[in-house]
Amino acid sequence: MIIYWGLLAVSIILILWNENFYKTVYCGNHWESRGTWVQGLVLFVPLIFFCGLRGAGVGDTQAYITGYAEIPTSFHDIVWSELGKGKLFVLFEIICKHFSPEDYTPWLFSLALISGIFFLIGIKRYSAFFGMSCYWFIASTMFIYMFNGIRQCVALAIMFAFSNLIVEKKFWKFLILILILATIHSSILVMIPVYFIIQAKPWGRTMRLVLVLAMVCGVGFDYIWSSFSSVLENTEYSEYADYMANSATGVSLMRVAVIAVPVVLALWGRKAVEEQEYPLIRVSINMSVITLALYIVAIFSSGMAVGRVAVYFEIYNMISLPWLLKHIFVKNSSRFVSIMCIIAYLLYFYYQMVVSYGNLPYSSEFLGVSF
């Protein structure tokens, strides 16, 4: 846990640092503050270092290492039809194994490097309060996806870095990007229909309908799922249907409350949001609303299953929350609410890492540490 607490401490320092040292950029009709590369590297260098050098005992890393050991070392041995899901990801594994057949560390480190760099690019490019975004990334435990679920994390990080394609409504370029990333993790295809939904006005008819549908699906989940699961009985997803029916548990209300924070703030300061007419924040707030809607459904279903989809939208809380803290309150109120958010997320970090994850361990054969 000491490494994770250390990352949290660095992110808190970045909040204070970024409050006093930042650069400004023009965003169409107003000026916004942005972080610097140096500030970003202070957090992401140690994050990438420890993530990339981790051992088999962290998250689902063991499953990935086992898969790495089983793949061929030569392209001549590839049977395309047997690559299964994530063909581009497997091809990258084969390339790495060709140069490092016995040691999985260079491969894991390269994945951590790719995810970390693209997350940093996205935060630096889009965040109006760089330090708070970095803090949210750690305190919300979003960074754990770099340790657990790494195939999806790579796709998520790259998509997030190219969010400008959504904001600038470059659909065909965005579609090509998503189709490529789908060869890493197919769940990202959900972003294609979502692209059209999030162009709507925050708190307009479309987004209100999303929340209403989520509540209806949540209340009627048992009936809906029992009807849908019968369709999956004789398919490759039958095991998943059994899991949902017998083992799935809903997400905690505490997590839903945390997810709701940017949505509540956006509703509170909707006039300020409308006055700014800032497409990036409109998209980010709508992503936050979709995240909340999915987690409302997750209360009645599987938090893990829904979370795997919701992560594509939840990442935008890292943009919407800091912007709202900066723009919907006067200076003194903004500082007070920011401090309250820092404390609340600190408590949430403790709950997730200590209570929910059971003092998430860290080990590294390369570094010779385990704690």
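In this predicted model, the side chains of Glu19 and Lys326 meet in a salt bridge, with 2.7 Å from N to O. Glu19 lies in helix H1 (residues 2–20) and Lys326 in helix H18, so the pair ties together parts that are 307 residues apart in sequence. Glu19 is partly exposed, because its relative accessible area is 32%. Lys326 also has a relative accessible area of 32% and is therefore partly exposed. Side chains of opposite charge can pair when their charged atoms come close.

The structure holds three salt bridges. Another one joins the side chains of Glu314 and Arg255, at 3.1 Å from N to O. This pair links distant parts of the chain, with Glu314 in helix H17 and Arg255 in helix H14 (residues 253–268), 59 residues apart. Both Glu314 and Arg255 are buried. There is also a salt bridge between the side chains of Glu168 and Lys170, at 3.0 Å from N to O. Glu168, with a relative accessible area of 42%, is partly exposed, and Lys170, at 34%, is partly exposed as well.

The aromatic side chains come next. When rings are paired by the distance between their centres, within 6.5 Å, the count comes to 19 aromatic pairs. In one of them, the rings of Phe49 and Phe50 have centres 5.1 Å apart and planes at 85°, so the pair is edge-to-face. Phe49 is partly exposed, with a relative accessible area of 34%, and Phe50 is partly exposed at 24%. The rings of Phe160 and Tyr316 also form an edge-to-face pair, because their planes stand at 70°, with the centres 5.6 Å apart. Phe160 belongs to helix H7 (residues 150–161), while Tyr316 sits in the loop between helix H17 (303–314) and helix H18 (317–327), so this pair ties together parts that are 156 residues apart in sequence. Phe160 and Tyr316 are both buried. Elsewhere, ring pairs link Phe171, Trp172, Phe174, Tyr195 and Phe196 into a cluster.

On the surface, Phe336, Ile339, Met340, Ile343 and Leu347 form a nonpolar patch, with about 480 Å² of accessible area together. Ile343 is found in helix H19 (residues 331–356), and Leu347 is in helix H19 too. Ile343 counts as partly exposed because its relative accessibility is 42%. Leu347 has a relative accessible area of 54%, so Leu347 is exposed. The C-alpha atom of Leu347 is separated by 8.7 Å from that of Ala139, a residue 208 positions away along the chain.

The last step is to view the chain as a whole. The protein chain contains 19 helices and four strands. Of its 371 residues, 54% are buried. The chain exposes about 17,300 Å², and carbon and sulfur atoms supply 66% of that area. Among contacts between residues at least 6 apart in sequence, 77% join residues at least 24 apart.

Confidence is given by the pLDDT, which averages 82 over the protein chain, with 83% of the residues scoring at least 70. Over residues 231–238 the pLDDT is below 50, and this stretch has five contacts in the model beyond near neighbours in sequence. Where pLDDT is low, the predicted coordinates should not be read in detail.

Technical notes
Residues numbered from 1 in each chain as written. Predicted model: local features only at pLDDT ≥ 70, side-chain atom pairs only at ≥ 80, totals over all residues. Heavy atoms only, no water. Patch = residues over 30% accessible without salt bridge, like charges linked within 9 Å, V, L, I, M, F, W, Y side chains within 5 Å. Areas by Shrake-Rupley, 256 points an atom, 1.4 Å probe, with all protein chains shown as cover. Salt bridge = Lys/Arg side-chain N within 4 Å of Asp/Glu carboxyl O. Helix = DSSP H or I, 4+ residues; strand = E, 2+ residues; numbered from the N terminus. Buried < 20%, exposed > 50% of the residue type's maximum accessible area, 1.4 Å probe, protein only. Contact = heavy atoms within 4.5 Å. pLDDT = per-residue confidence, 0-100. Phe/Tyr/Trp six-rings, centres within 6.5 Å; stacked < 30°, edge-to-face > 60°.
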